[in-house]
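Hello,

Here is the structure I promised to pass on. Please open it alongside this note.

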Amino acid sequence: MEAARPDRPAVHGYRWVVLLVFSLLNLVIQLQWLTFAPVARQAQLAYGVGPLAIDALSLVFMLVYVVTCLPASHILDRYGIRVGVGAGAVLTGVFGLFKGFADSWALVLVAQLGLAIAQPLIINAGTKVAAQWFPIHERATAVGLATLAQFLGIIVVMILTPLLVTTDSTGTPDLSGMLYVYGILSVVVAALVLLLLRERPPTPPGVDLGDERLLDWRAIGHMLKQRDMRLLIALFFIGLGVFNALSTCIDQLCALKGLDEEQTGLVGGVMLIAGVVGAAILPVLSDRMRKRRPFLILAMALTTPALVGLTLAAGYVPLLIASAVLGFFLLGGGAPVGFQYAAEVSYPAAESVSQGIILLVGQLSGIVFILAINALGILPLMWVFAALSLTTVAIAIALRESPRVGTSPTPEP
């Protein structure tokens, strides 16, 4: 344990172990969500279904999240991260392995339903894990690292999945080996979480850890009364919904531009790699500068040209550049800084409720955007996304700075 000082609460080295196993679980659940996104054309041939059926394997995560978001937040806040995240780990291990042995579209869908129930127990817990184990001047960093792990999971999907898919003697794609590898990984990570995750440190890392928190409907009512929280919900409705739709339908966009499966995987992978770099830099700067609003404005301001670039680019390299810009700012800055900003401006609402609400609106908009893409085509929707991103710039400018980030105990130099 690091020594306490009057101006700095005691913090515990074990917080990094907790963050590590939690981050690994975030990585795995994202991997299971988007397993089929970069190989949608091959999955259609393997299972003998159409494009909407393959998109449904990812879409089910969003649909289930709408129903399970608030119950998951309730479990996390009533019973703690050891029980809530632990339950998510068990579901991830069981259904991840089941998916590894599934040999039909219907069985894969059953596995996806089980994994989708696990998802909110994991991703809703990010700001709560940060609040229980990290002082406030490290919390955006902690949330950023957990978010970074989600990006790494999607990078694995985008880059590794096409390499693991083989073909049988008839030339039909064979996904079984890839699904089995991901299933074993899910079991191993779930076991690590159950073994190493702890509820909280012996002494609180911040002065606000022991304060009374608002839960469930009281928390939601309080959040909706906060002007900045309402604005942030609108921002995530657009930004997170666009990301969810693009992640699910990236194969459609790249196929339209003449890219093969491996190039598609790299376009999606570069977006997430840039997101990892952004999540390792921008939240840390936000903590050091004790500012949230400028980073949200920057992230939204550079999302628009990136989306326009993805829409207009005809070649492989321009698509990679546009994808990298979008990933660095929207994913690396907007998401983790936005999660922590939400926890601060909605205080004393419980952290898992604030994170759950903004993730919920992003899932709802993602569902709408994915259905619109399948109905109207992806190019018209890309122009809609670019126009909506301009709105997020105005929303970010209208936000006020977090009242809590600048008043916490001073970190060590």
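Predicted model: local features only at pLDDT ≥ 70, side-chain atom pairs only at ≥ 80, totals over all residues.

**The core**

Start with the largest nonpolar core, which has 129 residues. Which of them touch the most other members? They are Phe-36, Val-85 and Phe-385. Helix H9, residues 227-256, supplies the largest share of this core, with 15 residues.

Look at Phe-385 next. Setting aside neighbours within four places in sequence, Phe-385 contacts Val-242, Ala-245, Leu-307, Phe-369 and Ile-373.

**H9 and its partners**

Two packed helices are described by the angle between their axes and the distance between the axes. H9 takes part in two such pairs described here.

Take helix H14, residues 378-398, to begin with. The axes of H9 and H14 come within 10 Å and cross at roughly 155°. An angle over 145 degrees counts as roughly antiparallel, so H9 is roughly antiparallel to H14. The crossing of H9 past H14 is left-handed. Sorted by class, this contact has 18 nonpolar, four polar and two charged residues.

Now turn to helix H3, residues 51-101. The axes of H3 and H9 also come within 10 Å, and they cross at roughly 180°. H3 and H9 are therefore roughly antiparallel to each other. Which residues meet here? From H3 come Asp-55, Ser-58 and Met-62. From H9 come Asn-244, Thr-248, Cys-249 and Gln-252. By class, the contact of H3 with H9 has two nonpolar, four polar and one charged residues.

**An enclosed helix**

Helix H5 covers residues 126-133. Eight of its eight residues are buried, so H5 is largely enclosed by the rest of the structure. The buried residues of H5 include Lys-128, Gln-132 and Trp-133.

**Single residues to look up**

- Leu-379 is found in helix H14. Is Leu-379 buried or partly exposed? Leu-379 counts as partly exposed, because its relative accessibility is 32%. Leaving out neighbours within four places in sequence, Leu-379 is in contact with Leu-253, Leu-256, Lys-257 and Thr-311. Leu-379 and Ala-322 are 57 residues apart along the chain, and their C-alpha atoms are separated by 15 Å.

- Thr-141 lies in helix H6, residues 136-164. Thr-141 counts as buried, because its relative accessibility is 16% and the cut-off for buried is under 20%. Not counting residues up to four places away in sequence, Thr-141 touches Pro-283, Val-284 and Asp-287.

- Thr-203 sits in the loop between helix H7 (176-196) and helix H8 (216-225). With 32% relative accessibility, Thr-203 counts as partly exposed. Thr-203 and Val-156 are 47 residues apart in sequence. Their C-alpha atoms are 37 Å apart in space.

- Arg-290 is in the loop between helix H10 (261-289) and helix H11 (293-312). Arg-290 counts as buried, at 17% relative accessibility. Most residues other than glycine have a negative phi. The phi of Arg-290, however, is near 55°, a positive value in a residue other than glycine.

**Where to begin**

H9 gives the core its largest share, and its axis comes within 10 Å of the axes of H14 and H3. Then look up Arg-290 for its positive phi.

Best wishes

Terms used:
Residues numbered from 1 in each chain as written. Heavy atoms only, no water. Core = buried A, V, L, I, M, F, W, Y, C linked by side-chain atoms within 4.5 Å. Buried < 20%, exposed > 50% of the residue type's maximum accessible area, 1.4 Å probe, protein only. Helix = DSSP H or I, 4+ residues; strand = E, 2+ residues; numbered from the N terminus. Contact = heavy atoms within 4.5 Å. Axes fitted to C-alpha atoms, helices over the stretch in contact; angles between N-to-C directions. Parallel < 35°, antiparallel > 145°, perpendicular 65-115°, else oblique. Left-handed = near helix turned anticlockwise from the far one by under 90°. Nonpolar A, V, L, I, M, F, W, Y, C, P; charged D, E, K, R; others polar.
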